[in-house]
Amino acid sequence: MSVITIERRVLEKNDEVARQNRELIARHDIFCINLVSSPGSGKTSILEKTIELLRGQVRIAVIEGDVQTDLDAQRVARYGVPAVQIITRGGCHLEANLVSEALRSIDLAVTDLLVIENVGNLVCPSNYDLGEAIKVVVASTTEGDDKPLKYPGMFRNAGVLLINKIDLAPYLTSDIATLRANAMKTNPSLTVFETSCVSGAGFPEWTAWLKSKSARKS
């Protein structure tokens, strides 16, 4: 019982900071996504291609979460966008207070889209609100088509699913249609995009969706 109480208190504290983050982000009319996946799904490659395609159309800033290195932030920074690295030193997810600190290093007044690339993990990040508008979960074809059934919490809490590496589907036993069906069974409200960073498939639709969400209201 004490373990449950402590966990509840931790999440309540996190949720309060997340609320403050969300209010700050909303005041600047920014659309914020929390990009989540297991390691190796292609999250950072998706982010790079997204930035490349939206460059000059949407002002993007990135918060990178990593267990040990700043390699992903270095990759993103090459595209000329502001990138803040959070190194968790072994922590398996980002928390709202870490994002709150990172927000101080971003000029929110000149940002339309804020992407938080979470630590590679499909378990812990599902429970932690960071102040984002929506969670975007990436599942690659190389991971198999049963990921939504194995990690239902993440797929239930996400609003968008990117099925990535579809160019590899002909060489795998996993099935894209089955992956999509399992995801929709877990969360019928998911918006789904099928993408390939190699061929570029699905990126026009994905970036158009992001652009529409990031359009300034003022």
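Helix 2 (residues 43-54) keeps quite a list of residues buried: Lys43, Thr44, Ile46, Leu47, Glu48, Thr50, Ile51 and Leu54. Buried here means under 20% relative accessible area, with exposed meaning over 50% and partly exposed in between (1.4 Å probe, protein chains only). Helices (H or I, at least four residues) and strands (E, at least two) are DSSP runs, numbered from the N terminus. An α-helix has 3.6 residues a turn, so residues three or four places apart point the same way. After helix 2 comes Gly56, with a positive phi near 85°.

All of this comes from a predicted model, in which local features need pLDDT of at least 70 and side-chain atom pairs count only at pLDDT 80 or more, while totals for chains, interfaces and linings use all residues. Residues are numbered from 1 along each chain as its sequence is written, and side-chain values use heavy atoms, leaving out hydrogens and water.

Ser37 belongs to strand 1 (residues 31-37) and is buried, at a relative accessible area of 0%. Leaving out residues up to four places away in sequence, Ser37 touches Lys43, Val119, Gly120, Asn121, Leu122 and Val138, where contact means heavy atoms within 4.5 Å. The side chains of Ser37 and Ser41 are joined by a polar contact of 2.6 Å. Such a contact is a pair of N or O atoms within 3.5 Å; within protein, one must be able to donate a hydrogen and the other to accept it, and residues adjacent in sequence count only if both atoms are side-chain atoms. Ser140 sits 103 residues from Ser37 along the chain, yet their C-alpha atoms are separated by 9.0 Å.

Ser140 also turns up in the surroundings of Glu143: the Glu143 side chain reaches the Ser140 backbone nitrogen at 2.6 Å. Glu143 is in the loop between strand 5 and helix 5 (147-150) and, at 17% relative accessibility, counts as buried. With residues up to four places away set aside, Glu143 touches Ser38, Ser41 and Val138.

Strand 6 (residues 160-164) is largely enclosed by the rest of the structure, because five of its five residues are buried. Val160, Leu162 and Asn164 point one way, and Leu161 and Ile163 the other. Strand 6 pairs in the parallel sense with strand 5 (residues 134-140) over five bridges, and with strand 7 (residues 191-194), again parallel, over four. Pairing requires at least two DSSP bridges between the strands. Ala139 has Ile163 as its bridge partner in strand 6, while Val160 stands opposite Thr191 in strand 7.

Over in helix 8 (residues 203-214) is Ser214, buried at a relative accessible area of 4%. Its side chain reaches the backbone oxygen of Leu210 at 2.8 Å. Beyond neighbours within four places in sequence, Ser214 contacts Phe31, Val58, Asp112 and Leu113.

Taken whole, the protein has eight helices and seven strands, and 50% of its 218 residues count as buried. Among contacts with a separation of 6 or more, 74% come from residues 24 or more positions apart.
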